[in-house]
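Please look through the sequence and the model below with side-chain contacts in mind.

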Amino acid sequence: MVIIIVSFSLGMIMYSDSFSFWNSPFSDLGITVAPNGKSNIISLIIFAAGMILTGITFLRIAMEFKSDKEIIRSELKASLSTLGGIGCFVFTFPHNINDNVHMIGAACFVAALWSIGTILLIETRKTISKNLNILLQLVLQITVIGYAICYFADLPIKNIAQKFAIMGLIISVKGITNMSLLQKYNQLLNFEQINQTNPSLRGI
């Protein structure tokens with residue numbers, strides 16, 4: 001997520017035309033020529049580099065899922081991560097050259113991330129705060145599904161909805177990650193406290 005935020009931010013700065021955050025799609029950052037006719041090669045390179053690095057990260061995560069059979073639904077998560085990685089690579093294709101290819105990549109990337117986020121939220125519903133789990137699930141589903149509806153219906157607000165969908169994905173995935181790390185920290189802390197109160201368990 002950090003890679004995407006940084007690359008998109010730099011891409012907007014180096015964009016050859018005036019980039020409107022709410023009205024311009026992020027896909028414009030990866031076009032070869034800006035609407036004003038100027039070459040957009042610098043922004044394109046930044047956009048492509050960010051998505052390629054994200055794709056590599058997805059594939060590495062897929063390998064982790066595949067190698068650790070103790071992870072619940074490891075094969076499914078590995079497949080979704082692989083799909084997301086491939087989607088990132090295809091997403092780099094400039095949409096001003098072939099929009100269909102570009103959007104297939106975007107769809108694979110978003111669908112994979114949304115699916116993984118949804119699965120993780122379902123799996124952690126009993127291990128993290130119920131209210132937080134419901135909140136993250138609502139944020140994820142409303143923003144991503146809302147964007148999908150706006151996009152396929154070609155509504156004027158689709159580019160605005162895109163920004164909310166990306167923010168929804170970031171908030172949900174980061175929320176799950178942070179809560180999972182906090183849970184593991186609390187488990188380790190509790191284990192240490194048990195060891196201190198029960199010296200006989202220290203060798204376990």
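## Aromatic rings

In this predicted model, Phe19 is buried, its relative accessible area being 15%, and Phe26 is likewise buried at 6%. The ring centres of Phe19 and Phe26 lie 6.3 Å apart with their planes at 15°, and the pair therefore counts as stacked. Phe21 and Trp22 form an edge-to-face pair, because their planes stand at 85° with the ring centres 5.0 Å apart. Phe21 is partly exposed at 33% relative accessibility, and Trp22 is also partly exposed, with a value of 38%.

The structure has 11 aromatic pairs by the rule applied here. One aromatic cluster takes in Phe8, Tyr15, Phe19, Phe21, Trp22, Phe26, Phe47, Phe91 and Phe164.

## A lysine over two rings

Lys163 lies over the face of Phe21, 5.9 Å from the ring centre. The charged end of Lys163 also sits over the ring of Phe26, at 4.9 Å from the centre of that ring. Both Phe21 and Phe26 belong to the aromatic cluster described above.

## Salt bridges

Side chains of opposite charge can pair when their charged atoms come close, and the structure holds 3 salt bridges. In one of them, the side chains of Arg73 and Glu123 meet with an N to O distance of 2.8 Å. Arg73 is partly exposed, with a relative accessible area of 45%, and Glu123 is partly exposed at 22%.

Glu123 also forms a salt bridge with Lys77, where the closest N and O atoms are 2.7 Å apart. This pair links distant parts of the chain, with Lys77 in helix α3 and Glu123 in helix α4, 46 residues apart. Lys77 counts as buried, at 3% relative accessibility. A further salt bridge joins the side chains of Asp154 and Lys158 at 2.8 Å, N to O; Asp154 is exposed at 53% relative accessibility, while Lys158 is partly exposed, with a relative accessible area of 24%. Through shared partners, salt bridges join Arg73, Lys77 and Glu123 into one network.

## Cysteines

A search of the whole structure finds 0 disulfides. Cys108 is in no disulfide, and the nearest cysteine sulfur, that of Cys88, is 9.8 Å away, whereas a disulfide would need the two sulfur atoms within 2.5 Å. Cys108 is partly exposed at 23% relative accessibility, and Cys150 is buried, with a relative accessible area of 9%.

Terms used: Residues are numbered from 1 along each chain as its sequence is written. This is a predicted model: local features need pLDDT of at least 70, side-chain atom pairs count only at pLDDT 80 or more; totals for chains, interfaces and linings use all residues. Side-chain values use heavy atoms; hydrogens and water are left out. Buried means under 20% relative accessible area, exposed over 50%, partly exposed in between (1.4 Å probe, protein chains only). Rings of Phe, Tyr and Trp (its six-membered ring) pair if their centres lie within 6.5 Å; planes under 30 degrees apart count as stacked, over 60 as edge-to-face and the rest as tilted. A charge sits over a ring if NZ of Lys or CZ of Arg is within 6 Å of the ring centre and within 35 degrees of the ring normal. A salt bridge is a side-chain nitrogen of Lys or Arg within 4 Å of a carboxyl oxygen of Asp or Glu. Helices (H or I, at least four residues) and strands (E, at least two) are DSSP runs, numbered from the N terminus.
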